[in-house]
Amino acid sequence: MPIRLARVSERPPSVDTLARVVAADSTLPFALVVRCARLAVAGSGNYEAEARDLARGLERSLIQPVVNATGVLLHTNLGRAPIGAGFFGFEGAVRATSLEFDLSAGSRGSRQTAVATLLAELTGAEDAIVVNNNAAAVLLVLAALAAGRDVAVSRGESVEIGGGFRIPEVLEQSGARLVDVGTTNKTRASDYEKAIAKRGNDVALILRVHPSNFHIEGFTQQPGLAEVANLGVPVVSDIGSGLLDARCPWIDGPPPQWLHGEPATRQVIADGASIVTFSGDKLMGGPQCGIIAGRADLVAACRAHPLMRALRPGGQTLIALQRILLSFAAKTACTEIPFWAMATSSLDSLRVRAEKVLGTVATSLGARIVDTVALPGAGSTPGAAIPSVAIAVDGDHTARLRNLAVPVIARRDGSMTLLDLRSVATDDDSIIVDSLNSLATA
Ligand SMILES: *Cc1c(COP(=O)(O)O)cnc(C)c1O
């Protein structure tokens, strides 16, 4: 009999009763709490605790703002370039936009006209188009310019970049045929020449791919772009990270050290590339998109391809990209584009911020300022490092910081937790202070 009684006491509550209890301290719409309650009741454990866990798990799975204190500025898991919602629209009330309306002519226009002009001004390209991301840019270029034909790629550049972007597979999807050139560690201009001669007129393009996220050392060689640009076949250069101009005319003074060796659109075009492809949310510091810039006739062929309609970006993306490009043109990038503001802020200003943070956190925490190395991230020059400053606390507090109402994503370094201030917007320093104080009181 006692067993029977125990069973009765464990009988699940009604879904509705449980949902009401859990909904009292959940921000989720009631229908979603009911969903969690239903799943919990179907389980066999502690129904209320389980329903709360499910509701919290769902709440935490929603995309939400976090503070990136990792020191990796373009963090692939944290949305790459840090641009806020303000970039994606206009101030004031919601209004219609001139997205596809030519205000001069009073008739239908193209959503890409203005960004193409801005990109031409900033890079020296004759024309440009924007698609959903750089993977889409490479796919479209290959499909529009080389479907059914051969594309010459150095074996050292037939690589995988990021999750699932593999050059041989993208080539296959485009309908173009991969022609391997040279070897993994050494490829010469003469290797391209031989491959082209052997294939007659079938080689439509030479594709160069920047090794964004790895570095081969030792007995290696790849020809310069200029050497392969005069072989009679258009060269497509996938530079990836999208630095617009190696001279960084939007910066006062010389280009920063951490950009050294990073390929830039203007110079790659000047060296003879017919088409350059890159991401909008890497070193440009803009929204997720991919850009195809270069020779007018080749860009036009991409624009006319049926895939263009499927790969085009939304209006909000173009509004954000336009803002970013205008900032570069006005040379205000280092104050207006969050990535550039973070990447170029002086060590002194970071130290001043760190002192201020330390001055407001509980001394019992034992927090201190340490010199660190921040990274541009997101496939910019591997190994590039930007001197930085972090708040260090003994112990691993990464999970606790991550679980705060405004999650702070910190970095563990040995037995310390580091909050690197270079990847934190100055406006968020108060969140850093609150998060540290929550460690002190917990
Ligand atoms: C990042 C990168 C890509 C992929 O770009 P997405 O915008 O993530 O699609 C492709 N090629 C290179 C060289 C890259 O660095």
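Two strands pair if DSSP finds at least two bridges between them. Helices (H or I, at least four residues) and strands (E, at least two) are themselves DSSP runs, numbered from the N terminus. What you're looking at is a predicted model, so local features need pLDDT of at least 70 and side-chain atom pairs count only at pLDDT 80 or more, while totals for chains, interfaces and linings use all residues. Residues are numbered from 1 along each chain as its sequence is written, and side-chain values use heavy atoms, with hydrogens and water left out.

**View 1. The whole protein, to get your bearings.** The secondary structure comes to 18 helices and 18 strands. Along the principal axes, the C-alpha atoms fill a box of roughly 90 × 55 × 55 Å. Of the 442 residues, 45% are buried; buried is under 20% relative accessible area, exposed is over 50%, and partly exposed is in between (1.4 Å probe, protein chains only). Now for contacts, which are heavy atoms within 4.5 Å. Take those between residues at least 6 apart in sequence: 71% of them join residues at least 24 apart.

**View 2. An open sheet of 7 strands.** Reading across, the order is β5-β13-β12-β11-β10-β6-β9, and the pairing is mixed. At the edges sit β5 (127–131) and β9 (177–181), each of which pairs on one side only. From one strand to the next, the twist averages 25°. Axes here are lines fitted to C-alpha atoms (for helices, over the stretch in contact), and angles run from 0 to 180 degrees between N-to-C directions. Helix α5 (residues 113–123) packs on this sheet, where it touches β5, β12 (275–279) and β13 (290–294). The direction of α5 makes about 125° with that of β5.

**View 3. Zooming in on β6 and β9.** In general, strands of a sheet pair through backbone hydrogen bonds, either parallel or antiparallel. Which sense do β6 and β9 use? Strand β6 (residues 150–154) pairs with β9 in the parallel sense, over 5 bridges. To spot one of the partners, find Val-153 and look across to Asp-180 in β9.

**View 4. Who's around the ligand?** The residues are Arg-80, Asn-133, Asn-134, Ala-135, Ile-161, Phe-165, His-210, Ser-212, Asp-238, Gly-240, Ser-279 and Lys-282. Asp-238 uses its side chain, with an N or O atom 2.6 Å from a nitrogen atom of the ligand. Lys-282 places a polar side-chain atom 2.7 Å from an oxygen atom of the ligand.

**View 5. An open sheet of 5 strands.** The order here is β2-β14-β15-β18-β17, with mixed pairing. Its edge strands are β2 (72–74) and β17 (411–413), each pairing on one side only. The twist averages 40° from one strand to the next. Helix α16 (residues 347–360) packs on the sheet and touches β14 and β15, and its direction makes about 15° with that of β15. Strands β2 and β14 run parallel, joined by 2 bridges, with Leu-74 partnered by Gly-377 in β14.

**View 6. Strand β15 and its partners.** Why call β15 (residues 386–394) largely enclosed? Because 7 of its 9 residues are buried. β14 pairs with β15 in the antiparallel sense over 7 bridges, and Thr-372 has Ser-388 in β15 as its bridge partner. β15 also runs antiparallel to β18 (residues 416–420), with 5 bridges between them; there, Ile-391 stands opposite Leu-419.

View 7. Beyond its neighbours within four places in sequence, Val-370 is in contact with Ser-388, Val-389, Ala-390, Ala-392 and Leu-418. Ser-14 is another story: its C-alpha is 54 Å from that of Val-370, and 356 residues separate the two in sequence.

View 8. Cys-334 is in no disulfide: the nearest cysteine sulfur, that of Cys-248, is 8.1 Å away. For Cys-289, the closest cysteine sulfur is in Cys-302, 15 Å off, so that is too far for a bond. Cys-289 counts as buried because its relative accessibility is 1%.

Key. A disulfide is a pair of cysteine sulfur atoms within 2.5 Å. A residue is near a molecule or strand if one of its heavy atoms lies within 4 Å of it. A polar contact is a pair of N or O atoms within 3.5 Å; within protein, one must be able to donate a hydrogen and the other to accept it, and residues adjacent in sequence count only if both atoms are side-chain atoms.
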